[in-house]
Amino acid sequence: MKSKTNMLTGSPFKSLLLFSLPMILGNLFQQLYNIVDAIIVGKFVGQKALAAAGSTSTIIFIYLGISLGLALGCMIIFSQLFGARNYVRMKTAMYTCIIFLGALSLVALAVGLITADGVLHLTNVQEVLYQDARTYFTIYVLGFPAMFIYNAASQVFNSLGKSKYSLFMLAGSSVLNVVLDLWFVMPSGLNMGVAGAAIATDISQYVIAIAGLIWAIIYLRKNFKTEERAAIFDIGLLGNMLKVAIPTMLAQVVVSVGYAILMALVNKYSVDIISGYVAAYKIDSLCGIPMIQIGNAMATFTGQNVGAKQYDRVPKGIKAGVLMCVVVWIVFVAVVNLFGHGMIGLFMDAGASELAYTTGVTYMRVMSSLYIILGLMYVFAATLRGAGDITMSLVAVVMNFAVRCAFAFIMAQGVFHLAPGSEIWIWWSNPLGWFVAFVLCALRFRTGIWKTKRLADKV
């Protein structure tokens with residue numbers, strides 16, 4: 001076994017930094033799929049088309065939550081088996097995960113196509129936006145198999161500390177997506193509107209999925225040679241992995257459903273507010289990536305060290321993760337306050353209203369001012385997840401979005417009856433939910449129960 005990358009020795013800060021940076025950059029490239037779609041659609045098709053495509057994003061995130069949640073859950077097993085040096089079982093787990101998510105992706109594709117009209121109506125997509133929203137969503141659904149397979153392949157590399165490989169694939173795919181977006185959408189190109197943006201994304205996702213799958217298989221066979229041959233698929237091991245992966249998936253789905261519920265509430269406002277929110281939400285998704293990936297790095301760090309029974313390194317990792325989040329938070333507050341209006345303007349055409357700009361800037365300032373709470377939540381929740389304390393991690397996520405949705409609906413719709421300006425309460429619901437989840441996870445960590453949740457011996 002020639003791989004030298006692990007988080008079992010040396011400085012926890014250095015390990016987390018070197019591991020999380022490629023993950024952050026990789027996810028920034030991944031978000032460029034949606035960001036570039038939104039910018040090009042907003043600039044060359046119009047504000048209404050931007051609102052229409054954006055109205056489907058929270059539905060898409062539900063399916064993304066399923067694929068990513070299952071992959072992240074399996075990654076916990078991969079990391080702990082790697083830390084325990086059980087490479088045969090680790091490879092079998094990885095192969096099994098890839099095959100399972102590939103099969104599940106076909107189910108997701110079918111469900112997405114069959115339920116398209118129902119979910120769009122459920123999220124209150126306005127009639128004036130409906131046709132463009134439906135076109136974008138149904139084409140995007142065709143790329144679900146690629147999305148599922150790539151997430152499985154990328155978590156193979158991430159669990160081994162090779163996050164830079166995911167970065168390389170995403171960078172290449174993102175460049176391809178930009179080129180295809182411009183060709184399919186711009187009036188000087190094929191002028192296909194929102195349909196062109198979705199087609200460009202699908203093609204790019206299939207390229208990265210195929211490349212990632214082939215690379216993962218070659219890497220495992222080359223770097224983890226063992227006397228015992230690893231099985232390609234193990235139904236018993238899959239059952240054990242799903243005990244961890246399903247709660248992780250449910251946590252991701254809860255996140256996505258929570259966003260969909262809030263989008264349904266935003267969709268009750270004017271098109272100007274919707275388009276401003278969509279633009280700001282795209283930027284927010286981009287800005288939140290470092291916090292999320294520092295958390296995911298913490299999950300891998302915890303998984304490897306718990307697998308190796310090096311429990312004393314975990315609190316050191318938390319301190320390093322929190323420090324990284326503080327630095328990121330300070331940078332984001334400065335950037336949003338200095339360049340917020342200009343960032344929103346990237347998504348707007350010449351006819352965009354001042355209300356759309358004001359909505360987007362206000363949302364971004366509220367969110368960025370309290371991003372440190374988001375970072376703390378992800379660091380502690382991911383630590384519990386990496387240790388195998390999956391149930392508590394899920395409870396914290398559910399409470400996060402229960403608080404957010406309840407507060408937003410009570411204040412914006414119940415108290416202020418969707419009056420102009422009441423959308424501000426939707427924005428403030430976010431940090432309130434983060435705080436509740438952070439407190440729950442921090443208290444759980446202090447009990448030390450996570451030390452009893454090691455999974456490597458159980459699979």
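This is a guided tour of a predicted model, stop by stop.

Before you start, note that residues are numbered from 1 along each chain as its sequence is written, and that side-chain values use heavy atoms, with hydrogens and water left out. Because the model is predicted, local features need pLDDT of at least 70 and side-chain atom pairs count only at pLDDT 80 or more, while totals for chains, interfaces and linings use all residues.

**Stop 1: the core**

Select Phe78, Met241 and Ile426. In the largest nonpolar core, with 162 residues, these three touch the most other members. A nonpolar core is a set of buried Ala, Val, Leu, Ile, Met, Phe, Trp, Tyr and Cys residues joined through side-chain atoms within 4.5 Å. Buried means under 20% relative accessible area, exposed means over 50%, and partly exposed is in between (1.4 Å probe, protein chains only).

Now colour helix α10, residues 235-266. It supplies the largest share of this core, 15 residues. Helices are DSSP runs (H or I, at least four residues), numbered from the N terminus.

Which residues are in contact with Phe78, leaving aside its neighbours within four places in sequence? They are Met90, Ala93, Met94, Cys97, Gln155, Val156, Ser159 and Met241. Contact means heavy atoms within 4.5 Å.

**Stop 2: an enclosed helix**

Select α12, residues 289-307. Its 19 residues reach 27 Å from first C-alpha to last, close to the expected 27 Å. The expected span is 1.5 Å times one less than the number of residues. Because 18 of its 19 residues are buried, α12 is largely enclosed by the rest of the structure. Lys309 follows α12, and its phi is positive, near 60°.

**Stop 3: helix α14**

Move to α14, residues 354-369, and pick Ser368. Ser368 is buried, at 1% relative accessibility. Not counting residues up to four places away in sequence, Ser368 touches Trp329, Phe332, Val333 and Val336.

Next, pick Val366 in the helix α14. Val366 is buried, at 7% relative accessible area. With residues up to four places away left out, Val366 touches Ile424, Trp427 and Trp428. Val333 is 33 residues from Val366 along the chain, and their C-alpha atoms are 9.8 Å apart.

**Stop 4: a surface patch**

Go to the surface. Select Phe13, Leu323, Val327, Val331, Val335, Leu338 and Phe339. Together they form a nonpolar patch with about 630 Å² of accessible area. Such areas come from the Shrake-Rupley method with a 1.4 Å probe, and for residues only the protein chains shown count as cover. Patches are made of residues with over 30% relative accessible area and no salt bridge; like charges are joined within 9 Å, and nonpolar side chains (Val, Leu, Ile, Met, Phe, Trp, Tyr) within 5 Å.

Helix α13, residues 313-345, gives the most to the patch: six residues. Phe13 sits in helix α1, residues 12-44. Phe13 is partly exposed, at 31% relative accessibility.

**Stop 5: salt bridges**

How many salt bridges does the structure hold? There are three. Each is a side-chain nitrogen of Lys or Arg within 4 Å of a carboxyl oxygen of Asp or Glu.

- Arg89 and Asp234 meet at 3.1 Å, N to O. Arg89 is in helix α4 and Asp234 in the loop between α9 and α10, 145 residues apart.
- Asp117 pairs with Arg134, with the closest N and O atoms 2.6 Å apart. Asp117 lies in α5 and Arg134 in α6, so the pair ties together parts 17 residues apart in sequence.
- Asp389 pairs with Arg444, with the closest N and O atoms 2.7 Å apart. Asp389 is buried, at 2%, while Arg444 is partly exposed, at 21%.

Definitions and conventions:
Helices (H or I, at least four residues) and strands (E, at least two) are DSSP runs, numbered from the N terminus.
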